[in-house]
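Here is a short briefing to read with the model open beside you.

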Amino acid sequence: MVPDPATLSSADWWRGAVIYQVYPRSFADANGDGVGDLAGITEHLDHIASLGVDGVWLSPFFTSPMKDFGYDVADYCDVDPVFGTLADFDRLIARARALGLKIITDLVLAHTSDQHAWFRDSRQSRTGHRADWYVWAEAKPDGSPPNNWQSVFAGPAWTWDARRGQYYMHNFLPEQPQLNLHNVEVQNALLDVARFWLDRGVDGFRFDAINFAMHDPTLTDNPPAPPGGKSTRPFDFQAHIHNQSQPQIPAFLARVRALMDQYPDRFSVAEVVGAAAEPEMQAFTADDRHLNSAYGFAYLYADALTPDLVRKANAAWDGAPGQGWPSWAFSNHDAPRAVSRWSEGRDPYRFARMAMLLLMALRGNVFVYQGEELGLPQADIPFDRLVDPEAIANWPETLGRDGARTPMPWCSAAPHAGFSIAEPWLPVDPRHPPLAVDRQDTDPASMLNLTRRLIALRKREPALRVGSLRFLEAPAPLLAFERSEGTDTLTCIFNLGHEAMVWSPPDAGNVLEAVNLNGSPSGHLPPLSGLIARRTSI
């Protein structure tokens, strides 16, 4: 059961929280080298605090050769020089504390960089101390890889290493060798990493692609994927039941939770990737022994925003005893921005406003990706400026991730939109400077100020933050549901379609917030409009 908001302890600050994601390379550049850094984030924490969010999730800033832009970690316990120093991180923590913001960091536990000291040691010998810290296997008699597993970034999930005379496994790039989390010593080392950052003051972790953390030790071939799915890379042709999603993962996460419970008020959230994410999200957050929350890619990889999508994403999260708590994101650094994926030729400004209202109305925690509060569209990146290995490998069949990772526009008239005094690592899309923070900040009708208002609404209404969710019958493309807490019920209605609709529930109530209604009469819902109303009858 969801606790009464009036009795929530500080340990439950995360329940129903709004968390702002920062992609450090692209947020703000303080030292003028064209790449964002920790000092730049610290300088702009006031902007994040002005949104009213509860915390900040930082994508990786650890020492890395940047083959996958920080998700290939070479040293878990230090800051890469491109982002600054540990002292810079400490200053960021101190400033966040002063502003009342929690800081959550990424932890990448499924793999490291091939430049990590652990892997360098492991590849030297089959009998050394860390020989079994990664996933190694013999070649087949014909010299081919041990099985048919494919990597996410195209090609086999195995690379030959002549030093050991074996193949090593990698679910992603060859430069990201897979850790062997079946080895308790590896688990202990990773728990020490978490302890290092908890001692340094972080308020929680987002566990990257955690369902990739373990493999089937028998190395059984994956079967073909069910027919009918979209296949743009070899990875898509398989059902990934042996290279990921192993039943031993929850037991490891229980060890993570036990460590985090030694520190007050900490938060843990799992990223769960794949078509069968829902059961894993449930398993990874079950009862009070696993992680606090989890999110999948139900929205992030969806081609269209429909009532059916929202119903399916929320169906399993009914607040049953022992159930964990979901988190949701419409955009992040791994997916094209929602305003471009879902607007379908409609006014992106109207769509962004309606989508933010919907996001704030969902049951669970919500993540707002940097620039989402400005309504930024996906940036257009010419092929010669692409840096994302997935985009380059699969061009032009996948949009890749670079278009969601371009610099944050701070000042509309400044060079590079105020992100840096130097040429940024990714170009600024010319559509972004007109949407810059300085231009929107003083406009009461701007997307930025709407976002501030909607976050404030969510924070002051217990029904939105922690209440139950019940869907109402409504003709598609209308989406209607109620959020209830105690005797208070809020009705949430959205027209996700292309045409105006005429419909209202029996008791529409007093409107608390509405977007894109444009003075329409009661019950008349223009396309891409939405409202939240307090039900007046009991």
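Buried means under 20% relative accessible area, exposed means over 50%, and partly exposed is in between (1.4 Å probe, protein chains only). A salt bridge is a side-chain nitrogen of Lys or Arg within 4 Å of a carboxyl oxygen of Asp or Glu. This is a predicted model, in which local features need pLDDT of at least 70 and side-chain atom pairs count only at pLDDT 80 or more, while totals for chains, interfaces and linings use all residues. Residues are numbered from 1 along each chain as its sequence is written, and side-chain values use heavy atoms, with hydrogens and water left out.

**Aspartate 29**

- Helices (H or I, at least four residues) and strands (E, at least two) are DSSP runs, numbered from the N terminus; aspartate 29 sits in the loop between helix 1 (24-27) and helix 2 (38-43).
- Aspartate 29 is buried but has no salt bridge, and the nearest side chain of opposite charge, arginine 25, is 10 Å away. For charge, Lys and Arg count as positive and Asp and Glu as negative, while His and the chain ends are not counted.
- What does the side chain of aspartate 29 have close to its polar atoms? The backbone nitrogen of asparagine 31 lies 3.2 Å from one polar atom of that side chain, and the backbone nitrogen of glycine 34 lies 2.8 Å from a polar atom of it.
- Leaving out residues up to four places away in sequence, aspartate 29 touches Gly34, Val35, Gly36, Asp37, Phe419 and Ser420, where contact means heavy atoms within 4.5 Å.

**Strand 15 and its neighbours**

- Strand 15 (residues 478-485) has 7 of its 8 residues buried, so it is largely enclosed by the rest of the structure.
- Two strands pair if DSSP finds at least two bridges between them; strand 14 (residues 468-471) runs antiparallel to strand 15 and is joined to it by 4 bridges.
- Phenylalanine 471 stands opposite phenylalanine 481 in strand 15, and a hairpin of 6 residues joins strand 14 to strand 15.
- Strand 15 also pairs with strand 16 (residues 488-495), in the antiparallel sense over 8 bridges; there, leucine 479 has phenylalanine 494 as its bridge partner.
- The hairpin between strand 15 and strand 16 has 2 residues between them, and glycine 486 in the turn has a positive phi of about 65 degrees.

- An open sheet of 3 strands has the order 6-8-7 with antiparallel pairing; strand 6 (136-137) and strand 7 (158-161) are its edge strands, each pairing on one side only.
- Strand 6 and strand 8 (residues 166-169) are joined by 2 bridges in the antiparallel sense, with tyrosine 168 as the bridge partner of tryptophan 136.

**Nonpolar cores**

- A nonpolar core is a set of buried Ala, Val, Leu, Ile, Met, Phe, Trp, Tyr and Cys residues joined through side-chain atoms within 4.5 Å.
- Within the largest nonpolar core, which has 147 residues, Tyr299, Leu305 and Phe494 touch the most other members. Helix 11 (residues 348-361) gives the most to this core, with 10 residues.
- A second, separate core of 10 residues includes Ala480, Ile493, Leu525 and Leu531.

**Salt bridges**

- How many salt bridges does a search of the whole structure find? It finds 33.
- Arginine 15 and aspartate 12 meet through their side chains in a salt bridge (3.9 Å, N to O); arginine 15 counts as buried because its relative accessibility is 15%.
- Glutamate 423 forms a salt bridge with arginine 385, with the closest N and O atoms 3.4 Å apart. This pair links distant parts of the chain, 38 residues apart. Glutamate 423 is partly exposed at 48% relative accessibility, and arginine 385 is partly exposed at 26%.
- The side chains of arginine 534 and aspartate 488 also meet in a salt bridge (2.9 Å, N to O). Arginine 534 is in strand 20 (residues 529-534) and aspartate 488 is in strand 16, 46 residues apart.
- Asp68, Asp334, Asp388, Arg401 and Arg405 are linked in a network of salt bridges.

**Threonine 451**

- Threonine 451 lies in helix 14 (residues 447-460) and counts as buried, at 0% relative accessibility.
- Not counting residues up to four places away in sequence, threonine 451 touches Met356 and Glu373.

Notes:
A polar contact is a pair of N or O atoms within 3.5 Å; within protein, one must be able to donate a hydrogen and the other to accept it, and residues adjacent in sequence count only if both atoms are side-chain atoms.
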